[in-house]
Amino acid sequence: PINTKLMKEARTRLSADERRASILERAKVVFAHLGYQQAGTREIASACDISEATLYQHFRSKKQLFLEIFYHFGSQHHERWKKQVSEHVQQKGREGLEQAFITYRVLCAADPTLSQLLSQIFNETNDPDMAQAAQRYLQSIRAFLYELIEQAQTAGIVPSTTNVDIMALQGTSIFVMMLVARMVRDTSIDTWLSDTQLILLG
């Protein structure tokens with residue numbers, strides 16, 4: 001007779017890479033809902049339909065798992081933002097540049113679990129590894145803004161006399177304020193930021 005249980009297990013058995021990807025996806029939701037401090041490996045393993053032992057076969061600690069989720073999905077989100085902002089600048093010029101962080105907010109709204117993770121990692125910067133991850137993320141934001149503003153200068157969207165470094169720093173500061181607004185749940189700051197342009201071009 002055919003063992004239907006074994007057939008089902010064979011169909012659902014994942015390769016190591018597939019299992020790892022599944023853990024990242026499901027653990028992301030657990031961290032977003034419970035928070036980094038409250039989420040335990042037992043809850044994460046349960047959400048992934050695996051044992052804690054299997055979880056530790058793929059990730060040596062909860063922190064490593066959290067950081068890999070942050071780097072993996074944060075990088076995807078960052079690349080989507082860069083692509084959309086670059087397209088908006090090409091299509092709308094000055095307006096597309098000014099609204100760079102409105103575009104960012106729209107992408108965050110489309111993936112609220114990632115938005116939660118961003119807030120959490122910046123709330124855990126007392127840990128050196130978390131602080132390094134947060135710093136790298138801010139550096140990537142600033143580097144992209146610097147490159148974008150330089151291109152806008154070349155295209156004549158931004159005056160040639162504009163200090164690109166200061167403008168990129170201003171944009172990064174707005175990003176930090178957006179995170180603070182989420183962390184302290186200050187809706188007045190959040191409302192103000194929703195109408196704030198990335199830069200004032202004069």
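**Aromatic cluster, salt bridges and a helix crossing**

In this predicted model, a single aromatic cluster is formed by Phe70, Tyr71, Trp81, Tyr104, Phe122, Tyr137, Phe144 and Phe175. Across the whole structure, the search returns 10 aromatic pairs. In one of them, the ring centres of Phe122 and Phe175 lie 6.4 Å apart with their planes at 70°, and the pair is therefore classed as edge-to-face, the cut-off for that class being an angle over 60 degrees. Phe122 and Phe175 are both buried.

Phe175 also takes part in an aromatic pair with Tyr137, for which the distance is 5.7 Å centre to centre and the angle between the planes is 40°, a geometry that counts as tilted. Because Tyr137 is located in helix 9 and Phe175 in helix 10, the pair ties together parts of the chain that are 38 residues apart in sequence.

Turning to charged side chains, the count of salt bridges in the model comes to nine. Among them is a contact between the side chains of Asp127 and Lys63, with a distance of 3.2 Å from N to O. Here too distant parts of the chain are linked, as Lys63 is in helix 5 (residues 62-92), whereas Asp127 is in the loop between helix 8 (112-122) and helix 9 (128-154), 64 residues apart. A salt bridge is also formed between Lys63 and Asp129, whose closest N and O atoms are 2.7 Å apart. Since Lys63 lies in helix 5 and Asp129 in helix 9, this pair ties together parts that are 66 residues apart in sequence. Lys63 is partly exposed, with a relative accessible area of 24%, and Asp129 is likewise partly exposed, at 34%.

Another salt bridge joins Lys82 to Glu79, the closest N and O atoms being 3.7 Å apart. Lys82 and Glu79 are three residues apart in helix 5, so about one helical turn separates them. Both of these side chains belong to partly exposed residues, with a relative accessibility of 23% for Lys82 and a relative accessible area of 43% for Glu79. Through salt bridges that share partners, Lys63, Asp127 and Asp129 are joined into one network.

The crossing of helix 2 past helix 8 is left-handed. On the side of helix 2, the residues in contact are Lys28, Phe31 and Ala32, and these meet Thr113, Leu114, Gln116, Leu117 and Gln120 of helix 8. Sorted by class, the contact between helix 2 and helix 8 consists of four nonpolar, three polar and one charged residues.

Technical notes: Residues numbered from 1 in each chain as written. Predicted model: local features only at pLDDT ≥ 70, side-chain atom pairs only at ≥ 80, totals over all residues. Heavy atoms only, no water. Salt bridge = Lys/Arg side-chain N within 4 Å of Asp/Glu carboxyl O. Helix = DSSP H or I, 4+ residues; strand = E, 2+ residues; numbered from the N terminus. Buried < 20%, exposed > 50% of the residue type's maximum accessible area, 1.4 Å probe, protein only. Left-handed = near helix turned anticlockwise from the far one by under 90°. Contact = heavy atoms within 4.5 Å. Nonpolar A, V, L, I, M, F, W, Y, C, P; charged D, E, K, R; others polar. Phe/Tyr/Trp six-rings, centres within 6.5 Å; stacked < 30°, edge-to-face > 60°.
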